[in-house]
Amino acid sequence: MSNSNVSGIPGISDINATSIISPKRKNKKGKYVRSRQKEIIINIYKDVVSKSPDIQYRPMISEISTVSGIGRETIINTISEYRKTGHVSSPQTKRIRTTLFHKIDDMDRNGIRQTIHSFWLRRELPTIDKILTAVNENPSLPNFKRTTLFKVIKKLNFVFTKRKRCSVLTERNDLIAWRQRYLYDIRKYRKEGRTVYYLDETWLNAGDCVEHVWVDTTITSNRDAFNKGLTTGSKNPTGKGKRLIVVHIGSNNGFLPGGLLCFESKKNSSDYHDEMNGDCFQEWFESVLPRLEPNSIIVLDNAPYHSVKAEKIPTSNSKKADILEWLISKGAIPERPMKRAELLQMVREIKSKYSSYIIDNIAKAAGHTVLRLPPYHCEFNPIELAWAMVKKYVKSNNTTYKLDDVRQLLNTAIERVTKENWENFIRHVIEEEEKIMKVDDIMDEIIDQLEPCILTVSNETSSDDSDL
């Protein structure tokens, strides 16, 4: 009996050759993908792009995932890392300790900032002890120990300016300058009559529900409730469950029709920002731009996926040869052989000409302007108030704790946020802008009245905490 030669292997028939091929092995969920595997992903990525230059982002990711047997999120993150840095790295296998600063959300950080500002509005110098008391007395904010609150305040870019008899808590000069530039620009654009759009991301959990319920304190047990003809009710879900990541954009006319992006989270991360990346956000952003009014302003924060650089500029970690090559490409040719420090100085002198963000350039090409919020100033973004309204509706009506039902509730909640609601949100934001302008004016006035400090040896060697 003769057998046909299949794939260069003699003695195996076509039927047998097909039957012995086992299914593709997929990378186990949660298993680390090493740098060598990432290099294979990049090779497949290059092959797919070279064969199909016009392929869209999502189909490309699906194809690479199917071929490699590695999950979509890993594919996305690996390609994003390669585009940014030009190489891939081994995974971080050591557990990173999460600080309290990262455990509290943007609203809590903003609440602490506003608490400090309230002292300045009363023309009262804020001290760490006064702030600690005010924060811990606020039921909407977490309770802090003195040392922990001090660390959080420093992370929020507050500094202590020394004067002769006291240390005055102010914000860093660069942050104040950023804030003032933003307030000047947003006012100018409003006077010009340009439509201002605000965008932001948020999340919804399948287990989100109203946490506060009425409790009869006279009931002592399940049996007692049964004997009195009462029910203990169904228990709320113990875990948060699956999660939806939501992106939207709106203006004084309401949420932008067709501007919603909603997808299921694939990561078990405490920070929903980990779900987004520059490529995914860019694809959504480009789809939204044609829907905007001409010559619009787009306000957004400084999340990493909003801030992907258009060009990689050398840093102190760059190799000397790469720094020199970049300078020559820009026409900044050194007149003589230079040391690494001298080359980096040349980079600093010209990098502002070439430092730009991909998102900003895309918006500019479409006739729009991107305006970036100062860090930790979510009170300047009215969409935060819209999200609060949306989440309240979802939590109040979530009874099944199923993700598909939460998605439907989300769509309904977004439709319920009217043009009038957005106008009220923006009006409130303008009031917050006026308030912070007043805070900055009062800080300047009071600090000028204080006698400058003449530092001594004992002052210089004292710790930050001892001066509070």
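Ring pairs join Phe255, Trp387, Trp422 and Phe425 into a cluster. Rings of Phe, Tyr and Trp (its six-membered ring) pair if their centres lie within 6.5 Å. This is a predicted model: local features need pLDDT of at least 70, side-chain atom pairs count only at pLDDT 80 or more, and totals for chains, interfaces and linings use all residues. Residues are numbered from 1 along each chain as its sequence is written, and side-chain values use heavy atoms, with hydrogens and water left out.

**Overall make-up**

The protein has 18 helices and eight strands. Helices (H or I, at least four residues) and strands (E, at least two) are DSSP runs, numbered from the N terminus. Of the 468 residues, 39% are buried. Buried means under 20% relative accessible area, exposed over 50%, and partly exposed in between (1.4 Å probe, protein chains only). Among contacts with a separation of 6 or more, 69% are between residues 24 or more positions apart. Contact means heavy atoms within 4.5 Å.

**Aromatic rings**

A search of the whole structure finds nine aromatic pairs. One of them is Phe281 with Phe285, a stacked pair at 5.8 Å centre to centre, with 25° between the planes. Planes under 30 degrees apart count as stacked, over 60 as edge-to-face and the rest as tilted. Phe281 and Phe285 are four residues apart in helix α11 (residues 278–288), so about one helical turn separates them. Both Phe281 and Phe285 are buried.

Trp326 and Tyr354 form an edge-to-face pair, because their planes stand at 85°, with the ring centres 5.8 Å apart. Trp326 lies in helix α12 (residues 320–329), while Tyr354 lies in the loop between α13 (340–350) and α14 (358–365), so the pair ties together parts 28 residues apart in sequence. Is Trp326 buried or exposed? Trp326 is buried, with a relative accessible area of 8%. Tyr354 is partly exposed, at 26%.

Tyr354 has a charge over its ring as well: the charged end of Lys330 sits 4.6 Å from the ring centre. The charged end of Arg122 sits over the ring of Phe119, 4.7 Å from its centre. A charge sits over a ring if NZ of Lys or CZ of Arg is within 6 Å of the ring centre and within 35 degrees of the ring normal.

**Helix packing**

Axes are lines fitted to C-alpha atoms, for helices over the stretch in contact, and angles run from 0 to 180 degrees between N-to-C directions.

| Helices | Axis distance | Axis angle |
|---|---|---|
| α11 and α14 | within 11 Å | roughly 15° |
| α6 and α17 | within 9 Å | roughly 60° |
| α12 and α13 | 10 Å | about 40° |

Angles under 35 degrees count as roughly parallel, over 145 as roughly antiparallel, 65 to 115 as roughly perpendicular and the rest as oblique. α11 and α14 are therefore roughly parallel to each other. Their crossing is right-handed. A crossing is left-handed if the near helix is turned anticlockwise from the far one by less than a right angle, and right-handed if clockwise. Phe281, Gln282, Phe285 and Glu286 of α11 make the contact with Ile358, Ile359, Ile362 and Ala363 of α14.

α6 passes α17 in a left-handed crossing. Gln114, His117, Trp120 and Leu121 are the α6 residues that meet α17, where their partners include Glu432, Lys435 and Ile447.

α12 also passes α13 in a left-handed crossing. On the α12 side, Trp326 is one of the residues that meet α13, whose contacting residues include Leu343, Met346 and Ile350.
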